[in-house]
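I opened the notebook for a look through this structure, starting with overall form and moving on to the place where the chains meet. Here is what I looked up, entry by entry.

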Protein chains: 2
Amino acid sequence: MKPTLQDVANAVGVSRSTVSNAYCRPDQLSAALRERILDAARQLGYPGPNPTARSLRRGFVGAIGVLFTSQLSYAFTDPFAVRFLAGLSGAAERHGSALLLVPLPDDPARARAAVENAAVDGFCVYCVGNEEWALDAIRRRALPYVTTAAPEEAHPAHRYVGIDERAAARTVAEHVAALGHRRVALLGDTVLPDAPPGPLRLAGPADVPHPTTRGRLAGFADAFAALGVDWSDLTVLNATGNSRAAGAAAVAATLTGDDPPSAVLACSDVLALGVLDTLAEAGPHLARPVSVTGFDDIAEAAAAGLTTVRQPAEEKGRIAAELLLAPPADPAAGHVLLDTALVVRTSTRPA
Amino acid sequence: MKPTLQDVANAVGVSRSTVSNAYCRPDQLSAALRERILDAARQLGYPGPNPTARSLRRGFVGAIGVLFTSQLSYAFTDPFAVRFLAGLSGAAERHGSALLLVPLPDDPARARAAVENAAVDGFCVYCVGNEEWALDAIRRRALPYVTTAAPEEAHPAHRYVGIDERAAARTVAEHVAALGHRRVALLGDTVLPDAPPGPLRLAGPADVPHPTTRGRLAGFADAFAALGVDWSDLTVLNATGNSRAAGAAAVAATLTGDDPPSAVLACSDVLALGVLDTLAEAGPHLARPVSVTGFDDIAEAAAAGLTTVRQPAEEKGRIAAELLLAPPADPAAGHVLLDTALVVRTSTRPA
DNA sequence: TTGAAAGCGCTACCAA
DNA sequence: TTGGTAGCGCTTTCAA
C-alpha cells in the first residue's frame, strides 16, 4: 500500500498534525523536526499529501473547468478557440490555477453528469450553441462561472466576456454594401438545427437559435436594411459545422448556380476560408468574382487576404480567467464587451 | 450552507447509503424511493454528490494530467502541440476521462509541488526539455505516466510514444545532401542552455542536453558523415525558443554574412518558417538561394512549400492517451515508435 | 512547539 | 430493499 501521512507520523513518532504542518506550515515546527519528518517521508516513499484528500478538507481544488459544448477536440481544431485557450491558460497559470478540460458526452444525461462530477472551483463555458443546461447544472452547484457571450436572460452572478456581435457584424456588412454589393449571401454554422448544407428559408434572424449566429446575421441584415435591401432579398446559407470543409460545401451549389450572389458574408473565418476554397476550385467557371468576408481574424485570414472582423482572442481568454479567478467587486464589471475592428483585405472588391 | 447528501437523507427520512445509491446504483433501490429522494434533492437544491469527496472515497479521479515543462500557453501556441492535444483529448473523451492542464511555475520547488498536488489518475508528459524531475515526482506518487519521447534511461513502467528521431532526421538530411548541398547549417531550439541566438561551437551532437534535439542533430550529421562531410564542417545555429521569430533571429547574421550555407536544416517547422521569413526579408541581397527544411509537417508547412519530415501528431496524442487509459498487457507494447515520412516540397533545390 | 479531536462528504461492505 | 458502520487521507481548531 501507498504510505500515508499517518505512516510518516508513526515512523517519526509524532502526530499527524505535525507531519501535516511539516508540509504546509513550516513555521509551525522546528526546522530540525521538519527535516526529520521529511527524511522519514523520503525513506518511506511518501509522495506528500494526497491532493484529493487535501481538496476535500480545504474545500477548494485549484482548478477551473473548461466546457465546450461539442467534441472536446473542437477546442484544438478551431483556431479561434485555440487562441482563446492560450489566453485563458496564461492567466490561469499566473493565478496558479490548473485547467480541467471536461469532455461532454452526446447523451444529455451523461453530459450533465460530467458537469456535476467535475472537481473544479468554477467553470469557463465557451459558448458554441445551446449550453443553458450546463449553466443550470453549474448554478445548482453554486460555482462561479463565466461565459464567452452575453447570456440570453440575465442572471445574477453571471459573468461574461464577449463582443457586441450585432454591431461588429454590421461594420463588415456596411463595408461590403459600400462596395456596391446588393446580391449577397449570409453564411452561418448550424443556422437551424439539423438543416442540410446550403440555402435556407428563414423568416428573419430572430429565428436562429444560436445567439452568436443570430447576432451576426442580424448585424449583417441591419447594414443592408439601411439601404433598402430587405431580409427577403438576402440568401441565407447553412453550414453543418464550423469548418473549412463545411463552409465550402454550404456555398458550392449556390456559387456555381446561375445568378450567384456577388458577395458572401460568413459568420467565421473558418467558414469564409471554405468559401475561398470553393471559389478557387470553381475558378474559371465563375461568371464574375465573388467578394468574401469572415469573422474573428485568425492567422490564416491574413495569409488568405480575407476581409474580416477582428476580435481579440487571447484577451478574451485572459479576461475570462480573470473574471473567474479575481472577480471584480463591482458586479457591473463582470460584464465585459471587447472592441472589434474591421480588417479590410483583398477578398472584398467593388461589385 | 450547501446541502449535503446527509441533508437529503434527513429530509426523506432514509440513510445516507440509500441516497448515495439513488445516485450511483439505481438498481439498489425501488424506483419509487429513488424518485422521492431525487425530488427532495431538487427541492433542497442539492446538486448531487460532491466530486472531491467521491474521488477520495473511490480512490480515483477521472482525469489525466498533462504536463508541458514550459509556459502552459506554449501548448496552445505551438501548432504541433495543438494537434497532439487534439488527438489526446479525442481519445480521453472516448474513455470518459477529463484532461487537467497543469501549469508549472518557473521555480523548481513550486513546479514539483504542482506535480505532487495535481488530482489526477496519471500523467501525460509532453517532452520539451528536461523533465526528469517531473517524472521523478510522478513515480513517487506511483501514478502511471506516458511520455512523448523515449526515456534517457529505461524505467520499468515507463510508457512512451515517439519516433526514431535520429533516423527520421537522417532522411531529410540525405535528401538535402543528394541535392548536392555540402555547406549546411543545422538549426535547433536551445541547443545549449542559455546560449545566445546564432552560431554555436559544439564538439558533437552528444553534447546537446535535450534528447529530441540531440537525436535530430545526430541524424542530420549521420547523413553528411556518410558522404565525408564531418561534424566540424557543419554550422550549428541556436534558437532561443521554438518560435518563428526565434528561428528568424537565429539565422539572420549567418545568412546575410559572407559565405552563407546553401542549406539550413531546422529541427522544427516553426523554426524553418522563421528561416524562410528571414530569407524573404533579405530577398534580393542574397548571393544565391538557400534551401530550407523543417520537421513535423504542420499545416503551415504545406502552404509555405516547406520540405519536412511528417510525424503523425494527432495519432501521437491518441496513442499517448490510450497507453495511459488502456495500458497494454504486454509491457513491450508500452513503447511505441511511429512512422515518419519525408515530404519534399519547393523549399529544397539543387545546390 | 506539539498533539488530540473533529470532521470535510461520500461510498462500500455487510447485516438486517 | 434498506441502513449501520467504517473509513478514504487530510487539515484545523484548540488545548496542553
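**Overall form.** I began with the radius of gyration of chain A, which is 26 Å, whereas a compact globule of 351 residues would have one near 20 Å. That radius is taken over C-alpha atoms, and the globule rule is 2.2 Å times the number of residues to the power 0.38. Along its principal axes, the C-alpha trace of chain A spans about 90 × 40 × 35 Å. I then noted 14 helices and 13 strands in chain A, where helices (H or I, at least four residues) and strands (E, at least two) are DSSP runs numbered from the N terminus.

**Ground rules.** I kept in mind that this is a predicted model, in which local features need pLDDT of at least 70, side-chain atom pairs count only at pLDDT 80 or more, and totals for chains, interfaces and linings use all residues. Residues are numbered from 1 along each chain as its sequence is written, chains are lettered from A and ligands numbered from 1 in the order in which they are written, and side-chain values use heavy atoms, with hydrogens and water left out.

**Where the chains meet.** I looked up contacts (heavy atoms within 4.5 Å) and found 42 residues of chain B touching 42 residues of chain A. The buried area is about 3300 Å², with carbon and sulfur atoms giving 62%; this is the accessible area (1.4 Å probe) that two parts lose on being put together, summed over both. On the chain B side, F76(B), E93(B) and R140(B) lose the most area to chain A, together 20% of what that side buries. Elements of chain B that each supply at least two residues to this side include α3 (31-44), α6 (79-94) and β2 (98-102).

**Strand pairing.** β2 (residues 98-102) of chain A pairs with β2(B) in the antiparallel sense over 3 bridges; strands pair if DSSP finds at least two bridges between them. I picked out L99(A), whose bridge partner in β2(B) is L101(B).

D259(A) is not a glycine, yet has a positive phi of about 55 degrees; I found D259(A) in the loop between α11 (244-256) and β9 (263-266) of chain A.
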